Structure formats: structure tokens, C-alpha cells
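Q: I'm new to reading models. Can we go through this one together?
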Amino acid sequence: MNLAAIDIGTNSIHMIIVKVTSRQTFEVLIQEKEMVKLGVGVFANKRINQKAFDAGIETITRYVQLADQYGVEEIITAATSATREAKNGREFLDRLIQDIGLIPQLISGKEESRLIFLAVRKAIDLRGENALVLDIGGGSTEAVIGNQDSVLFKSSLKLGVLRLLDRVGVQGPLDANQQEALREHVRETAQKIFKRISTFKFSRVIGTSGTIRSLGEACLISNDTTIVNSVNAEVVKVGDLEKIVKKLLQMEPEKRSDIPGISSNRVDAVHLGGLLLLELLELAGADKITLCDASLREGLIIDYIEKNGQKLEEIGDGKNLRERSSLLLAARYATDIEPKKHVSRLAMQLFDQLNGLAGMKSLSKELLCHACLIYDVGLFVNFQDYQKHSRYLILHGRLRGFNNEELMLLSHLARYHRKSGPKKRHKKFRRLDKKQRMMLRGLAGILRIAVGLDKTKNQWVENIDCITDNKKITIKIFGEENLDMEIWEAQRYSDTLSGFLKRKIEVVKG
């Protein structure tokens, strides 16, 4: 299966698309990056400016379209510092949910540190040693110590290139006094954390993120190092960094890209990133840094695979795109899949045995099958009225392979699998056309009984036998255990199907 990860960073928005080849490995298919600079001005006025806001939405929309072209079945999305701190950050995330169907994670700095380290230890051979990993972003710097087996310490510092740019207020050169003031600020902010870091023994410092890689690449090029594909695992001396950073601090912004390795997209703040990196390396007591080309987006993929490996194997058994997509949605919201498959088997038996009755032939058996897998995803949000949360998550969960009408019906089926059945007084139900209302009543009626027949979540009902006549349907259920609770629950929720088929329904043990 194909997965994508979108990292909504303060400086750049990245996407990676991978093909998962096993529970341990994946193959990168494509990587995309756009320097949207959501964080410009955020740390001064606490708002994402409108130009960056619109560019961010446009970029992510394009990424999602590209992911669709690659047949991606799940997009993992994380937002970091700028979105956390901006007053309109929630509005930005809501737009992604409403307009694009993504549900981003708003991750903490410490969680960002952990995910970055997961990526680094897949890209760099740590040889059983402890390493300090630094990631300089637009709004924060992540510092984490770990080894091949575990993370020992993680922290996030409110030090990033755009945050520092807001502090100094200008993109141009900094004189000696300005440089010293900024160094003092970095030391004051980082000193407490680096005292804790110094209590750990680590053999090397590894740097990731675009700022560090750009500075490192500039150093390598200045030393005539041949760069084939990437700078991953290359080592840069602090002395060489100092030479490059000194030049950058004295140059006008438009001249900084004259230094080979420095992108024109970074000229506004790369000099500040260089000053920050040098101060952190001094606090760490390091005289060199190893470059790494892995970052948060790879960490998101690795973390997802590690957490969902078993579920991904189950999902891989999905018969088609629609079933795999439904299983992925269930996995995303921590739904136990096996009981849902049992409910689906019961629903399919009910559907098949009642299919000769008036109105049944126009119903969609496949739609009912998919609804059985995802009706309770709303439990992930809250138990109270979780059927309504399920409706929302299904509508906005980017289920693939379904058209708009089918998504709407699936979401309503989840809404009506418990509590009240469909009623004309319900505004959203009233908006449906006559055919859709009939479809919903019939399928919801079957789903409510099937869910009730697994009331104890033990999958004790093994088979169903429906006996019908003009006035009554008797649903006989078979199983070796005591099925009183299942009978009571299914009978309690038989009202919707009874009204749809215009027959009394009785549930009994066979």
C-alpha cells in the first residue's frame, strides 16, 4: 500500500509518498517541498499572514491531488510550531478539514523531537552509540538524545530561524553588537536544556532540517567535496561552518545565494540559522556535526507503520480500494476491526435472507458492508453521542473510492446505528431525497440489529435464520452461549427495520 506524510512546518510544507513493502521497510516514491513560510510574522503578532495562509491551503490541496494520483490510501498530516502559536492556527487547520478532508495532528515540540529521531536512526548508522540530534526549524529547535534502541531525552527550544527573524526585525547584515545580543539570547534560552543534555554521554551530534543541510552543503562545496545524491552521513567541521556563517552575517539578503549550497528561498533567515547552530554546537561541546537528510515526515511514516503494522496486514486483505479505505479509517481511529467484521457477517446474513421483501432489492449491500466497519469511529473523540462524531469523521475522513452520495449515506448510517433512528424532524435527514431516505431507513434498520446482536462484543451469535410472513419477521439467532443480552439489544433496535418493512420483528434464540 502507498502512504503519504505531510509536514506543515513553520518555514516549509513537505510531503513524502512511500510504498510500504513490509512492516519494517518502505520505498520513497516522491518528495515535495514548498517554502510557504507560514511562520513569517507569527512570533511577533501571533497570526499567520493572509498570503501565507492562502499559499499553505493551496500547497496542501495540490499535495493531496498528487497523493491521489499515486493511489495513496492514507495521508498522515502534522502541524508544528507556527500553527500551534498562531491565533488563527485553528482556523487554518479547520480549513484543511473542511475543504480538503485532512485531519491534521497538532503535535507538541517533544513529540516532534521523538518523530525526528525515529527518522534519523533509520538514515544514520548509530553503531550502538548515543547521539544528540538537532533539528532547526522555523519556529523551534528540537534536541533529542537517543540510540538505536530508545530515546533517552527529548526537548523543544523556542529558537527557530523565523522566530529569530521576528526578534531582530531585519533581513540584512548584523553588526557585531547585534550578533552578540542574538548569541546571548540563544544561550539564555538554551542553557538550561543543554545542562541536562550534558549529563548524557553522546559520541556525536547529528543535524537534520533544511537549514542545517543547506549550511552543511555550503561547507562541503567550499571544500570541493563531491555531492552525488544527498549530504546524508557527511561530516562538517565547526571551523568550516564558522567561515560560512561569518560571510552570511555580513551579506545583504540577495547576495547570500551567491554562496554555492545556499538556496535563494532561504536568504531571509539562513544567516540566523547559522548563528543559532554554532551556539548550540558550542553548548554541546562539539567540533563537528553529521548531516542527515531524514526528518519529521519520514518519522511520521515510521511511527505510523510501527503502530499499525498488524492492522496494515489485515487491511492488506481488503478485497478492493473501498474496503481497504474503510479498514484504514477504522485503524486510524483505533477501532477493533475483528468485531466489526463479525457485525458485517451478521448484517450480510440479514440482508441476504430479507432480500426478497419489498424495497430491499434497491438497497446497497456493499454500502452496508462498509458501514459495518466504521460505524463507531466516533468513539475516538468521545463516548457521549459518539454516533454523531462518527458521522463527522466519515464525511471528512477522505475515504477513497466512494462518491459524494455514498459518503453522505455512510455517514448517516453511522449516525443512525444507535439511539434514535431516522426521523423526518431531523434536519440532515430531511435534506435527503426520497430515494436516499428509503436507502438509509433500510440499511440503518439492518445495521442497528446487527450491531445489537453483538451487544457483549463477544461474537457469540454464530448464525441467523429469518422466517417471514405478511405480518411478521422472526429472527432466530444461534450460538452456544447465553444470548439474552444480544436478543434484548437487537429487539430494542428493531424499530427502524420494522417500520421500513411494515412488519413486526421478533428476535428469538434458535
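Q: Which residue in β4 stands opposite I8?
A: A79 stands opposite I8. This is a predicted model, where local features need pLDDT of at least 70, side-chain atom pairs count only at pLDDT 80 or more, and totals for chains, interfaces and linings use all residues. Residues are numbered from 1 along each chain as its sequence is written, and side-chain values use heavy atoms, leaving out hydrogens and water.

Q: How many bridges join β1 to β4?
A: Six, between β1 (residues 2-8) and β4 (residues 74-79), and the two strands run parallel. Strands here are DSSP E runs of at least two residues, helices are H or I runs of at least four, and both are numbered from the N terminus.

Q: What is the strand order in the open sheet?
A: The order is β3-β2-β1-β4-β5, with mixed pairing. Two strands pair if DSSP finds at least two bridges between them.

Q: And which strands are at the edges?
A: β3 (26-34) and β5 (105-106), since each pairs on one side only.

Q: New topic. Which residues of α20 are buried?
A: In α20 (residues 484-492), E486, I487, E489 and A490 are buried. Buried means under 20% relative accessible area, exposed over 50%, partly exposed in between, with a 1.4 Å probe and protein chains only.

Q: What do they pack against?
A: The buried residues of α20 pack against α19 (434-452), β13 (472-478) and β14 (504-509). Contact means heavy atoms within 4.5 Å.
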